[in-house]
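Please keep the sequence and the structure at hand while reading.

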Amino acid sequence: MIDLSTINLNRLTTFVAVVEAGSLTAAAERLGLAKSMVSKHMQLLEQEIGVGLLLRSTRKLSLTEAGRTFYEASRQLLQAAEQAIEQARSGRDQLQGILRVASPIDYGLIVVSPLLAQLRARYPALKIDLTCGDHIIDLIAEGIDVTVRLGKLADSGHMATRVDTLVRWLVASPDFIARHGMPATPEDLPALPYVSLSVLAQPTQFTLGDGAGKQAHVRMLNTVFSSNTAYATRAAALSGDGVLRATVFSVKDDVAAGRLVRVLPDWSLQESDIHAVYPATSHVPQKVRVFIDALKAATAA
């Protein structure tokens with residue numbers, strides 16, 4: 001029987017990080033430790049339990065059969081320990097540790113970053129690690145607590161909570177409208193210069209609805225500027241390059257200030273959802289719950 005008094009939770013944390021990060025080096029970066037320290041933790045852990053957990057080679061790291069079983073048990077044990085600590089602190093208005101959040105770039109800068117600053121002010125012992133990128137984040141491999149995803153969700157096996165509705169507008173600069181005229185119907189759109197966000201599933205095609213059941217399927221034929229980041233396409237639209245299909249949260253201030261104007265405002269683009277996505281677990285960490293509740297409150301305001 002294993003003497004549980006010899007098992008160090010720090011070593012279990014290191015072992016789980018090594019498995020999820022895929023290497024000793026990546027785990028060391030995630031934990032803020034030297035690679036030699038991570039290697040030492042693994043050696044001591046295997047000595048303490050008397051079983052080999054990792055198969056090491058020059059090219060990759062993998063788990064033994066015992067290692068796979070021990071990994072699942074270690075994750076559950078660490079989650080139970082975190083839950084016990086949170087329950088012990090339940091009478092205190094305090095969060096501690098690091099909250100690791102990922103988000104698309106524009107949503108992260110405009111919505112998530114100010115919200116996290118507010119959480120830091122409320123919970124000064126909470127540290128924040130925000131990763132912004134327009135690619136799909138691997139939550140487990142990158143050690144992310146919660147990520148924000150816009151639009152349709154892939155079947156990832158993670159948990160998801162809807163936090164807001166994703167609404168888009170067609171917009172253009174006043175200068176562009178002065179040069180090309182304001183479109184009167186969806187049929188006027190295809191020939192106009194168009195600014196395309198290339199990461200969308202269909203960057204140059206979309207459907208408009210008039211609210212009375214009529215729909216118009218539009219395919220833009222004259223893309224003059226394309227980018228994989230929303231900030232670049234917004235800059236192009238502000239410069240008068242073309243019509244842009246943009247998220248409301250990214251351009252509403254520009255529209256309010258007159259820097260951009262809505263095109264065909266009586267026609268609506270199809271809406272979708274914004275979700276907070278987090279690893280499936282029997283216990284959602286309090287810091288994740290607090291972040292999701294704050295995000296839902298902020299977007300409902």
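This is a predicted model: local features need pLDDT of at least 70, side-chain atom pairs count only at pLDDT 80 or more; totals for chains, interfaces and linings use all residues.

**Helix α1**

Helix α1 covers residues 9-21, which amounts to 13 residues. From its first C-alpha to its last it reaches 18 Å, close to the 18 Å expected at 1.5 Å a residue. The buried residues of α1 are Arg11, Leu12, Thr14, Phe15, Val16, Ala17, Val18 and Glu20. An α-helix has 3.6 residues a turn, so residues three or four places apart point the same way.

Thr14 belongs to this helix. Its relative accessible area is 2%, and Thr14 is therefore buried, since buried means under 20%. When residues up to four places away in sequence are not counted, Thr14 touches Leu31, Leu33, Val38, His41 and Met42. Just after α1 comes Gly22, with a positive phi of about 90°.

**The largest nonpolar core**

The largest nonpolar core consists of 26 residues. Those with the most contacts inside this core are Leu99, Tyr107, Val146, Phe291 and Leu295. Two or more residues each are given to the core by β3 (97-103), α5, β5 (146-150), β6 (159-166), β15 (272-278) and α10 (286-300). Leaving aside neighbours within four places in sequence, Tyr107 is in contact with several residues, including Val112, Val148, Phe249 and Leu295.

**Helix α9**

Gly258 follows α9 and has a positive phi, near 85°.

**Positive phi and accessibility**

Leu264 also has a positive phi, although it is not a glycine. This residue lies in the loop between β13 (261-262) and β14 (268-269). The table lists the phi values mentioned in this report.

| Residue | Phi |
|---|---|
| Gly22 | about 90° |
| Gly258 | near 85° |
| Leu264 | about 50° |

Is Leu264 buried or exposed? Leu264 counts as buried because its relative accessibility is 5%.

Leu109, found in helix α5 (residues 105-122), has a relative accessibility of 45% and therefore counts as partly exposed. Together with Ile110 and Tyr231, Leu109 forms a nonpolar patch on the surface. The accessible area of these residues together is about 250 Å².

Terms used:
Residues are numbered from 1 along each chain as its sequence is written. Side-chain values use heavy atoms; hydrogens and water are left out. Patches are made of residues with over 30% relative accessible area and no salt bridge: like charges are joined within 9 Å, nonpolar side chains (Val, Leu, Ile, Met, Phe, Trp, Tyr) within 5 Å. Accessible areas come from the Shrake-Rupley method with a 1.4 Å probe; for residues, only the protein chains shown count as cover. A salt bridge is a side-chain nitrogen of Lys or Arg within 4 Å of a carboxyl oxygen of Asp or Glu. Helices (H or I, at least four residues) and strands (E, at least two) are DSSP runs, numbered from the N terminus. Buried means under 20% relative accessible area, exposed over 50%, partly exposed in between (1.4 Å probe, protein chains only). A nonpolar core is a set of buried Ala, Val, Leu, Ile, Met, Phe, Trp, Tyr and Cys residues joined through side-chain atoms within 4.5 Å. Contact means heavy atoms within 4.5 Å. The expected span of a helix is 1.5 Å times one less than its number of residues.
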